[in-house]
Amino acid sequence: MTHAARFARRGRRILFVALSGFVCLQLGMSVLMDDWLPSLHDPEYGAKLRLLEERLAERPDRALTLVLGSSRCGLGLNPESFPQRNVADGREQLVFNFGITGCGPIQELQLFQRLLRHGVKPQRLLIEIHPLLFHQENGIGEECWIEPRRMDWRDVALVKNYVYDPRSFVWRWIRSRLAPWYSNRFLILNHFARTWLDQRQQFQPWSGLTDYGWLPFGAKSVTPEEYRRGADNAKREYSAMLDSFRVTESADRALRTLLGHCREQGIEVALFVMPEGSEFRSHYTPEARGRINDYLVEVSRQCNLPVYDATQWCDDHEFWDSHHLLRHGAERFSERFGRQAFADFLARSSANRLR
């Protein structure tokens with residue numbers, strides 16, 4: 001064999017080893033993100049999962065009530081403001097807020113399935129109904145906030161059955177996983193070596209989470225100008241969903257699938273609607289409000305579960321944009337929700353278990 005042939009053969013071998021190493025590194029990072037460190041691709045989920053696991057480890061004897069919902073719920077429901085020592089079936093309750101930004105019925109189903117894979121099985125589930133995220137068609141609605149990069153392959157396999165353009169959705173996820181070390185580089189550095197990043201690139205939005213998953217709004221109050229900007233932005237964000245509002249098939253199917261899984265596993269469920277300010281409520285037409293109310297009554301009757309509609313439970317000054325609560329509004333609302341809705345839910349579910 002000539003020197004040139006040996007050199008070419010050696011070069012091919014080196015190239016093969018390099019490519020194999022590259023592929024193994026990317027696959028290894030994907031497995032690490034999906035099964036052990038989800039904060040490397042979904043920092044909000046990862047931060048809440050870590051806190052929940054800590055609470056479960058502190059007192060394994062407590063029965064877990066998990067709250068699933070959107071940022072309205074994440075910012076607005078503080079389990080620590082519930083009246084203390086909620087007891088049902090002779091067990092003290094651990095209530096944890098797992099509200100996730102942009103989460104509607106599709107992602108609530110995906111989130112529930114993911115939590116089960118990570119070993120979290122609640123005894124009770126409080127599921128937020130965000131009315132406008134039940135209007136999902138032609139790419140509007142919850143799909144606007146679904147980010148494939150934050151999901152693993154099992155999440156994608158589930159969610160693609162509910163989105164408007166599943167092929168595009170899957171392809172976006174594949175692109176993010178071709179080189180996860182690169183596509184998630186800032187999250188990886190934020191987790192392992194935050195000081196290596198420029199301050200503008202350091203990512204710590206979930207550092208304000210309380211021990212029980214509540215993320216209080218950063219400021220105690222907002223100026224009239226800040227409120228106006230927030231309320232106007234909210235109207236723009238939801239304008240497509242408000243237009244000719246109706247409950248669409250994919251959203252309804254996602255909710256009913258989630259309720260079916262809970263029924264199969266013996267998990268007690270209640271639905272609830274978070275408060276909205278009078279300005280935000282004024283954006284609904286009477287027909288839209290009627291469709292929402294009719295849908296809640298239908299689901300409650302067909303699935304035999306309680307629905308707590310807290311739409312008008314808070315005053316306008318308690319919001320920072322007419323649909324997300326300020327800290328003091330969240331604490332007052334949470335105390336009432338715990339005293340009325342959650343106490344009723346515990347009583348109902350305890351009675352059901354005795355039958």
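Colleague: How many helices and strands does the secondary structure of the chain come to?
Modeller: This is a predicted model, and its chain has 355 residues, of which 50% count as buried. Among contacts with a separation of 6 or more, 81% are between residues 24 or more positions apart. The secondary structure of the chain comes to 13 helices and 6 strands.

Colleague: Which residues have the most contacts inside the largest nonpolar core?
Modeller: In soluble globular proteins, nonpolar side chains tend to be buried together. Here the largest nonpolar core has 64 residues, and apart from it lies another core of 23 residues, among them V67, V95, Y308 and W313. Inside the core of 64 residues, those with the most contacts are L66, F98, L115, L125, L255, L259 and L271.

Colleague: With which residues is L125 in contact, leaving aside its neighbours within four places in sequence?
Modeller: L125 is one of the residues with the most contacts inside the largest nonpolar core. Leaving aside neighbours within four places in sequence, the residues in contact with L125 are L66, L68, F112, L258, C262, I267, E268, V269, A270 and F345.

Colleague: What span should the 18 residues of helix α12 have, and how far apart are its end C-alpha atoms?
Modeller: Helix α12 covers residues 286-303, and at 1.5 Å a residue it should span 26 Å. The distance between its end C-alpha atoms agrees with that expectation, being 26 Å.

Colleague: Within what arc do the buried residues of α12 fall, seen down its axis?
Modeller: The buried residues in α12 are A288, I292, Y295, L296, V299 and C303. On the face turned away from this buried side, α12 carries the exposed residues P286, D294, V297 and R301. Seen down the helix axis, the buried residues line one face of α12, because they fall within an arc of 95 degrees.

Colleague: Against which elements do the buried residues of α12 pack, and which residue follows the helix with a positive phi?
Modeller: The packing partners of the buried residues of α12 are α10 (249-264), β5 (268-273) and β6 (307-309). The residue that follows α12, with a positive phi near 55 degrees, is N304.

Colleague: What covers the buried residues of α10?
Modeller: Helix α10 has 16 residues and reaches 22 Å from its first C-alpha to its last, close to the 22 Å expected at 1.5 Å a residue. Its buried residues are S250, A251, D252, A254, L255, L258, L259, G260 and C262, and just after the helix G266 takes a positive phi of about 70 degrees. The cover over the buried residues of α10 includes α4, β4 (124-128), β5 and α12.

Colleague: Is S322 buried or exposed, and what is its relative accessible area?
Modeller: Most residues other than glycine have a negative phi. S244, in the loop between α9 (224-242) and α10, has a positive phi near 55 degrees, and S244 is exposed, with a relative accessible area of 57%. S322, in the loop between β6 and α13 (327-354), also has a positive phi, of about 80 degrees. S322 is buried, with a relative accessible area of 1%.

Colleague: Which helix gives the most to the lining of the largest cavity?
Modeller: A search of the whole structure finds 2 cavities of 30 Å³ or more, and the largest has a volume of about 110 Å³. The largest cavity is lined by D42, Y45, I100, C103, Q107, Q110, L111, R114, E147, R150 and M151. With 4 residues, the helix that gives the most to this lining is α4 (residues 105-117).

Colleague: How far apart in space are V159 and Q110, C-alpha to C-alpha?
Modeller: V159 is found in helix α5 (residues 153-159) and is buried, with a relative accessible area of 0%. Not counting residues up to four places away in sequence, V159 touches I106, Q110, I146, M151 and F169; of these, Q110 and M151 also line the largest cavity. V159 and Q110 are 49 residues apart in sequence, and their C-alpha to C-alpha distance is 6.9 Å.

Colleague: What distance separates the C-alpha atoms of C73 and E128?
Modeller: C73 has its place in helix α3 (residues 71-76), where it is buried, with a relative accessible area of 0%. Not counting residues up to four places away in sequence, C73 touches V67, N97, G99, E128, F272 and M274. C73 and E128 are 55 residues apart along the chain, and the separation of their C-alpha atoms is 7.2 Å.

Note on methods: Residues are numbered from 1 along each chain as its sequence is written. Side-chain values use heavy atoms; hydrogens and water are left out. A nonpolar core is a set of buried Ala, Val, Leu, Ile, Met, Phe, Trp, Tyr and Cys residues joined through side-chain atoms within 4.5 Å. Buried means under 20% relative accessible area, exposed over 50%, partly exposed in between (1.4 Å probe, protein chains only). Contact means heavy atoms within 4.5 Å. Helices (H or I, at least four residues) and strands (E, at least two) are DSSP runs, numbered from the N terminus. The expected span of a helix is 1.5 Å times one less than its number of residues. The arc is that of the directions from the helix axis to the C-beta atoms. On a 1 Å grid over the protein atoms alone, a cavity is a set of points where a 1.4 Å probe fits but cannot get out, and a pocket is an open set with protein on both sides within 12 Å along at least five of seven lines; lining residues have an atom within 4 Å of a point. Grid points are joined across faces, edges and corners, and a volume is the space filled by probe spheres set on the points.
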